[in-house]
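Subject: Structure handover

Hello,

Here is the structure I promised to pass on. Please look it over before reading the notes below.

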Amino acid sequence: MNWRAIIYVILFVSLTVVKALPRSYQDTEEKNSIGQHFSQLQENNFKAIAMIMFAQYVQGGTFGKAVKMAEDVTDLAKRCAAAARDNPDCLKPLDRIFLDTICQEENLPRFTDCCAKKDPERNDCFVSLKNSSSGFISPSERSNVEAACKNHSQHQHSLTGYFIYEVSRKHPFLYAPTILSVAIRYDEMMKNCCRSADDHSHNLEECFQRQTLKVVKPVKEDGLRQEHTCGILKKFGERTLKALRLAQISQKFPKADFVTVNKLVMDIANMHKDCCRGDMLDCMRDREEILHYVCTNKDIVSSKIKKCCEKPLLQRSECIVNAENDDKPADLSPHIREFIEDKGICEHFAQEKDTHVARFLYEYSRRHPEFSAQMLLRIGKGYEDLLKECCKTGAPNDCCSRGEEELKKHIYETESVMKTSCDSYKEKGDYYFQNELLMSFTKKMPQLTSAELIKFTKQMTTVGSKCCQLSQDKLLPCAEENLDLVLGEICRRHLTDPINPGVCHCCSSSYALRRPCMGKLEIDENYVPLSLTPGLFTFHEDLCTTEEEKLQHKKQEMLINLIKYKPQITQEQLTSVTAAFTAMRERCCKEENSEACFVKEGPELIKRSEKMLSA
């Protein structure tokens, strides 16, 4: 397979071709055949997408198996496009052909239950098995850099194809053009770094480390956001996802009118449904149609996206997403009194409930770019609940005015939480701020492993380092929207392996209230603390390492075990135990035989700590 040709052809496929893609068979009366798809995409484009789809569905399959299935489906498509249109297989929807191909393969027992189902339940089953928790393999991780360069020079095309396969199976929710654009970056990195492989003054390791970030970052970020979006859609439904996008688009495009913003919301929600369902071709078409609409109407959408619309198709989407919020219209009033004081407010709400609340959310969001989208959803929900209550009383004006006080209170509380967290981060720094989070989240979620707790709190600490340096008008959107990604990951972890009832409630009851709900969780009273077994706390000479990062990791693992052993530990008790541990470590690390010292002193420390904790 000439993977280089495939990548370049699909990356620069014109908008005309993408727009020619037919709609999903689920949305039209006439089902679009595999032959039609093949004719419109052409062989290399079709084969590349097939390769990605099979790698994303059959994550545990080999590269060879993914290539074989992609070639088998491409051969069928070619025959159907040529002359075999009456063949029953040619009339099947493309989605069904892909799943039939997987189900006909041998040695794939993981999919037996899914294959026994009928469509569309079969597709839902396959999507539910997608797992991105295995993470991303670095482009230079599989071998040392010299061997990687040699391999690239001898097998460039197959190596790039293998890279596409690896990225696809590690990121089963990632948008296909993102994977292919990353493959281009990978190929460029290999050429740039390996070009001077024979030049001994050229540091290959340094070159790979520097350029790998450019390859890895979009994969990690786009994959996480896509999975996060699909999680919201699956758990909270289309209405919640539409409300979220309405708030975000209204903030980004405050000059666009409600009809334009609402159209974008509907189109984007439909795109997410296709993408999350695994309909790759429709997902691609939907996205390009949205980009085409935005750029065709850029004058009424935003003054900040002109340069984005001049970029190549694949770069356009990323550019628009990252573009600054447009300036608010000069004549935009600071308040929206009509949603509180209008005499016909209850009549409007009764007649067109969702549209009325959507208009409120649109008007409020375009006036407040300094608020997070999640906070705006809470405000929208508060407004809807207020109308439900006030329109029953017969005196909505008096009742609604009380809602303004609740709104001010919520805004103050949210801003105070973020300010307190940022003040703590600035005072303590990364390590001690993360330790503070570890204490809190180990008490809330002691069922998580040490590795999971360290990972999630590390991500939250990264949010602090990224957002707490920003100005006040950018702090909330940055902090809460990035924290939402971490909480979404925790909730997806809960779905696969339930954590506890408190986490279940926060992850299930309300998307908008998820962050405040998690914040209010306290000690899990139903948790049975760890027993003090000989292996719970062990002390060895590796505690004397001079590598600060390794030492901090070991100390954090001990902190987690300590809290799991004594969830009710007070700050005073923790300080005493920590001081005793630090003294023992300093003493033993000065000894010639530090291991022997730890063997002797460790049990004594545990006994003293038990007394401190029982005091």
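Overall
Please keep in mind that this is a predicted model. The protein chain has 29 helices and zero strands. Of its 615 residues, 51% are buried. Among contacts in the chain with a separation of 6 or more, 71% join residues 24 or more positions apart.

In soluble globular proteins, nonpolar side chains tend to be buried together. Here the largest nonpolar core holds 171 residues, and those that touch the most other members are Ile34, Ile102, Ile305, Ile320, Ile490, Met518 and Phe539. The helix that gives the most to this core is H12 (residues 204-252), with 14 residues. Once residues up to four places away in sequence are set aside, Phe539 touches Met558, Phe581, Met584, Phe598, Gly602, Leu605 and Ile606.

H12 also contains Arg210. With a relative accessibility of 48%, Arg210 counts as partly exposed, because that value falls between the 20% and 50% cut-offs.

Helix pairs
Two pairs were examined. In one, helix H23 (residues 450-467) and helix H24 (residues 472-496) have axes that come within 9 Å and cross at roughly 170°. The two are therefore roughly antiparallel, the cut-off being an angle over 145 degrees. From H23, the contact takes in Glu452, Lys455, Phe456, Gln459, Met460, Val463, Lys466 and Cys467. From H24, the residues involved are Leu475, Cys478, Ala479, Asn482, Leu483, Val486, Leu487, Glu489, Ile490 and Arg493. By class, this contact of H23 with H24 has 11 nonpolar, two polar and five charged residues. Ile490 of H24 is also one of the core residues that touch the most other members.

In the other pair, the axes of helix H3 (residues 34-41) and helix H4 (43-57) come within 6 Å and cross at roughly 115°. On the H3 side the residues are Ile34, His37, Phe38 and Leu41, and they meet Glu43, Asn45, Phe46 and Ile49 of H4. The contact of H3 with H4 divides into five nonpolar, two polar and one charged residues. Ile34 is another of the core residues with the most contacts to other members.

H8 and its cover
Which residues of helix H8 (residues 121-128) are buried? They are Arg122, Asn123, Cys125, Phe126 and Val127. Their cover includes H4, helix H6 (94-104), helix H7 (112-115) and helix H13 (258-277).

Two single residues
Is Asp279 buried or exposed? Its relative accessible area is 4%, so Asp279 is buried, the cut-off being under 20%.

Ser450 belongs to helix H23. Its relative accessibility is 17%, which is under 20%, so Ser450 also counts as buried. Apart from neighbours within four places in sequence, Ser450 is in contact with Glu557, Ile560, Asn561 and Lys564.

Regards

Conventions
Residues are numbered from 1 along each chain as its sequence is written. This is a predicted model: local features need pLDDT of at least 70, side-chain atom pairs count only at pLDDT 80 or more; totals for chains, interfaces and linings use all residues. Side-chain values use heavy atoms; hydrogens and water are left out. Axes are lines fitted to C-alpha atoms, for helices over the stretch in contact, and angles run from 0 to 180 degrees between N-to-C directions. Helices (H or I, at least four residues) and strands (E, at least two) are DSSP runs, numbered from the N terminus. Angles under 35 degrees count as roughly parallel, over 145 as roughly antiparallel, 65 to 115 as roughly perpendicular and the rest as oblique. Contact means heavy atoms within 4.5 Å. Ala, Val, Leu, Ile, Met, Phe, Trp, Tyr, Cys and Pro count as nonpolar, Asp, Glu, Lys and Arg as charged, and the others, Gly among them, as polar. A nonpolar core is a set of buried Ala, Val, Leu, Ile, Met, Phe, Trp, Tyr and Cys residues joined through side-chain atoms within 4.5 Å. Buried means under 20% relative accessible area, exposed over 50%, partly exposed in between (1.4 Å probe, protein chains only).
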